[in-house]
Amino acid sequence: MTAAAPLESVEIEALVTDRYLDALLAAAERRAPDAPTDPSLDPALRRAALRLRDELVRVHPSFRFEERLARRLAEAAAGMRLAVAAGGEGAILPFPGAATAPHGDDPTKADPFDDALGDARPSTARPLPRRPLLVGGAVTSAALSLAGAAFVAWRLTRGAPTDPMARAVRLARLARDGSPVDLH
Amino acid sequence: MFGRGKGSEATGTAGRVVPLDPDRSLVRAAQADPARFDALYRKYVAQVYNVAYHELGDHHEAEDVTERTFLHALGALARFREEAPDDVAPEASTFRVWLLRIARNAVANQRRTLRRRPVTTLDAVGETAAPDDPERSVLARADASAAWAAVARLPGDRRRAVVLRFVEEMSTAEIAGVLGRSEGAVRVLLHRALRTVARDLGERGETR
């Protein structure tokens, strides 16, 4: 009885069976009825293998089903392309020029704005946090944020605003800082 | 036929020969553009359907599993990588093996669902085949065969291994990848399955 046999013996028998199956399935490609085998292989196993090869048929899905699923997959694929285009998913890409940035070889660790800051950044300033750039919809929001930051910086460097509301805000800010208030 | 090294290139990686996935170019094209997944679908739809049908014994259930398998594969394709751990044969990390592993999980989920409602057996499929439906008649004859029935009676992984070996003509290494077992374990599974089928057929006087 195989179940009671030592494990090593089972593995050896299994190896012989496996080699026969390899030969048998290869023989089917040549339309050969059988394949040569190790004489130690049990003839009952050989007969069972022959029957399984001949009688386990392949089935094919219906044409209608195949085409319906193809259409569904095409729709899903189109949805995925739209999602990528809209920034739903994206790839982390190195920012142009980042390969030469002084952050080692990993382009995703380089700060893409180092070059843009150039000498204007004080030497004592802490390095900006390293961050990857998600290409897609994030670019748009990042660009808007930069524009907003630039606008605020520009306004802070300007003189007294002419707009009454802006003047009121500026006065309130100066009062909070404890600076003398100049109404003119 | 895949899985036997035919038509595969080979490259050396970390001291061992790694056969390239014959579907590598199709996979990369589909990863770049999901619309090109269709080529992989056309190539493997019958195989996935076959595995599902032999596992579940019902065309409708097999269609459900096939659909779920390909939709999942399409969604997860970007994460597919040809990566064979050192203790796994390289041919077990192909797209085909990955896909059939998804199918195996889909079948397992379908089985859990089917437990909650009546199951149509393979025998019942044969009985309900319409006489004017040649395809179903052929299937009915196949279903009714003693060998078919003997395989259907095999326990889980033995049955799966037999179907993958004889119907899909997968190598032992590929089956190991699908079932998540070692090659040695798969060889023993197949050997014991054959012995059970041989005994079953012998007891029923079916041995030719």
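Predicted model: local features only at pLDDT ≥ 70, side-chain atom pairs only at ≥ 80, totals over all residues.

Biologist: OK, start with chain A. How many helices and strands does it have?

Modeller: Chain A comes out with 6 helices and 2 strands. Going from the N terminus, the order is α-α-α-β-α-β-α-α.

Biologist: And how much of chain A counts as buried?

Modeller: 12% of its 184 residues. As for contacts in chain A between residues at least 6 apart in sequence, 37% of them join residues at least 24 apart.

Biologist: Switching to where the chains touch. How many residues are in contact?

Modeller: On chain B it's 42 residues, against 36 residues of chain A.

Biologist: Which element of chain B gives the most there?

Modeller: That's α10(B), with 12 residues. Other elements giving two or more include α2 (37-56) and α3 (59-76) of chain B.

Biologist: What's that side like by class?

Modeller: The side of chain B that touches chain A has 25 nonpolar, 9 charged and 8 polar residues.

Biologist: New topic, the largest nonpolar core. Which residues touch the most other members?

Modeller: The core has 66 residues, and among those with the most contacts to other members are B:L99, B:V162, B:L190 and B:V197. α2(B) gives the most to this core, 11 residues.

Biologist: What does B:V162 touch, then, leaving out residues up to four places away in sequence?

Modeller: Across in chain A, A:L52; within chain B, B:V151, B:L154, B:L190 and B:A193.

Technical notes: Residues numbered from 1 in each chain as written. Chains lettered and ligands numbered in written order. Contact = placed C-beta atoms within 7 Å. Helix = DSSP H or I, 4+ residues; strand = E, 2+ residues; numbered from the N terminus. Nonpolar A, V, L, I, M, F, W, Y, C, P; charged D, E, K, R; others polar. Buried ≥ 20, exposed ≤ 12 C-beta atoms within 10 Å, placed from the backbone. Core = buried A, V, L, I, M, F, W, Y, C linked by C-beta atoms within 7 Å.
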